Amino acid sequence: SATMDTGKLLYITLGDKGALIVQGSHSTLVPTHPITEIDPTGAGDTFCGAVLANILQNKHPVMAAHEAVVISAKMISQIGPKALYSKKPISQPQIDARIRLNNTQIKKISEKLSSLPEVSPFPFVSKVLPPINHPKALDYFFAATVHQFSFWSIHNQKYYQPLIAPLGGVMLKGSDYLWKCFSLALERDVEFCSPNRQASLNLDELKTIMQDDNGNQPMPAIELHLEESHRYGRDMLALNLDPESIIKQSKFSSNPLSAFINILDQIGGYKEDPLRKKSGLLALILNQRPENFLPFQKTDHIDPVIDYHNMRLCLRAGLIDILDEKLNKKLIDRIILSKDEEWAIRYAAYCARQQIVNLSGKPEGAIDWFFFNTRKTCPEMTPPLCESCLIDSVCDHKKEMFQPVIRTTYY
Ligand code: SF4
C-alpha cells in the first residue's frame with residue numbers, strides 16, 4: 001500500500017492487476033476486466049488521459065479509474081490507438097455479468113413515481129435532528145453524516161437484526177438512533193461535532209454518547225465509528241477546513257454542488273466511497289434543510305444515494321435481476337457477501353437509480369426519500385406491507401430478496 005499527503009491523489013498502474021488509487025492515507029484497488037491483449041502500446045497514457053478527463057467531469061477518483069480501466073482495456077484489444085477514435089463517450093464500468101438491469105421495471109416504476117405528488121424531497125426537519133437555525137447545525141450534519149453506516153448485527157455469518165434501541169425515551173431505529181445520539185451530544189457540548197473534537201475523540205467518549213437509555217451499547221461496530229470520526233476530523237484539520245469554510249468555498253464556485261462534492265472527495269469518512277453515498281446525502285440535507293445551506297443550480301444533478309434500503313428495494317421491486325443462482329441464494333439466505341459480489345449489486349442499483357431519476361423527471365432528493373422511506377412498508381424483519389406501498393401496482397414482489405450483507409463504512 002502507499003500513502004499521500006491529505007488531499008493529494010496518486011494513481012499506480014499495475015498491468016493486468018488493475019490500478020491502485022491512493023487518496024491521502026486511503027487506497028483502493030480497481031481490477032481490470034479479462035481481455036485479449038493485442039497491442040499494449042499506450043495503455044498507461046490512455047489510462048492517464050481517461051482519468052484526467054473523468055476527474056474534470058467531477059467523477060469520484062476511484063470511479064474515474066474504473067472508467068479508465070475500461071477504455072485502456074478496449075485500447076489494448078486492437079492494434080494502435082484505433083479504439084480511441086470512437087466518437088461515442090467513454091464506456092461506463094460494466095454491470096457485472098451476474099446481474100441485469102430490468103429496463104421494463106425501471107420504466108414502469110419511473111412512470112409510477114413521476115405520477116405521485118407525495119414523492120418529493122424531505123426537509124430533514126425532525127425530532128432527532130437539531131432545530132432549524134441551530135448555531136452548530138453545519139458542524140452537526142458534517143460530523144454525524146459520516147456515521148450513517150452499519151446499523152445491523154451479524155450472527156453465524158448472516159444478517160441478524162437491525163439496530164433498534166431506546167434513546168431520549170423513544171425507541172429509535174438505525175439512522176434515527178444515530179442522529180439522536182449526536183443531537184444529545186451537541187446539547188451537552190456545543191463543540192462536540194467540531195472537526196477538532198472529532199479528531200481527538202476516544203472510545204470511552206464515543207461509547208458514552210452512543211449508549212441507550214438503559215446504559216447498553218447497541219452500536220454493532222463502534223470501533224469503526226471511532227475510526228470514521230478520526231478520519232473526518234484529522235483530514236479536515238490537515239486541510240485547514242471546517243464546515244463553514246467548505247460551504248463558503250462551494251458557494252463562491254461557479255458550480256457549488258460540484259465544488260462541494262470535490263472537497264468531500266478529500267475528507268475522510270466521505271472520500272472512500274466511490275459511489276459517494278454519504279457525500280450525496282450530506283449535499284441533499286444541506287440543500288433541503290429550511291436554512292438552504294447549499295443552494296443547487298437548476299442544471300445540478302446529484303449521484304444516487306445508495307444505501308442498503310435502496311438495494312433491498314431495487315432487488316424486491318425487480319429493478320435489478322440476479323442471474324446467478326448462487327448469488328441469488330446468498331441474498332435470500334442473508335449470508336455475508338464477498339466484496340466483489342457486494343460491489344456488483346450496489347453498482348447495478350446505482351445505475352438503475354440513475355435511470356429512475358432521468359425517466360421520472362423527479363430530483364434525486366425526491367427519489368432518495370421515497371426509496372429510504374419505503375423501508376417502513378418493505379422492512380428487514382417482517383413481511384412487506386404491499387397493500388400500503390406506493391409502488392404495489394408495478395412492483396415485482398420478490399419479497400424474499402435481501403440487501404447485500406457486508407460490513408462497510410460506506411452505508
Ligand atoms: S412493500 Fe411490497 S410492493 Fe412495496 S417494494 Fe416491497 S415488495 Fe414491492
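Helices (H or I, at least four residues) and strands (E, at least two) are DSSP runs, numbered from the N terminus. I keep to that naming in these entries.

**Basis.** I note that this is a predicted model, in which local features need pLDDT of at least 70 and side-chain atom pairs count only at pLDDT 80 or more, while totals for chains, interfaces and linings use all residues. Residues are numbered from 1 along each chain as its sequence is written, and side-chain values use heavy atoms, with hydrogens and water left out.

**Largest pocket.** I looked up the pockets on a 1 Å grid over the protein atoms alone; a pocket is an open set of points where a 1.4 Å probe fits, with protein on both sides within 12 Å along at least five of seven lines, and lining residues have an atom within 4 Å of a point. Grid points are joined across faces, edges and corners, and a volume is the space filled by probe spheres set on the points. The largest pocket holds about 970 Å³ of space. It is lined by 33 residues, of which T28, L29, K339, D340 and W343 are the closest to its centre. Two or more lining residues come from each of β3 (26–30), α2 (61–76) and α14 (339–360). Which element gives the largest share of this lining? I found that α14 does, with seven residues.

**Second largest pocket.** I read a volume of about 700 Å³ for the second largest pocket. Among its 37 lining residues, S175, D176, W179, F372 and R375 are the closest to the centre. At least two lining residues are supplied by each of β8 (170–173), α5 (174–188), α11, α12 (308–316) and α15.

**Helix α8.** I checked the length of α8 (residues 222–238). The expected span of a helix is 1.5 Å times one less than its number of residues. For the 17 residues of α8 this gives 24 Å, and the end C-alpha atoms are 24 Å apart, so the two agree. Buried means under 20% relative accessible area, exposed over 50%, and partly exposed in between (1.4 Å probe, protein chains only). Buried residues of α8 include I222, L226, Y232 and M236. The buried residues of α8 pack against α4 (137–145), α6 (195–199), α7 (203–210), α9 (243–252) and α11 (277–288). Just after α8, N240 has a positive phi of about 55 degrees.

**T377.** I located T377 in the segment after α15 (364–373). Is T377 buried or exposed? T377 counts as buried because its relative accessibility is 15%. Contact means heavy atoms within 4.5 Å. Neighbours within four places in sequence aside, T377 is in contact with P384, L385, S388 and C389.
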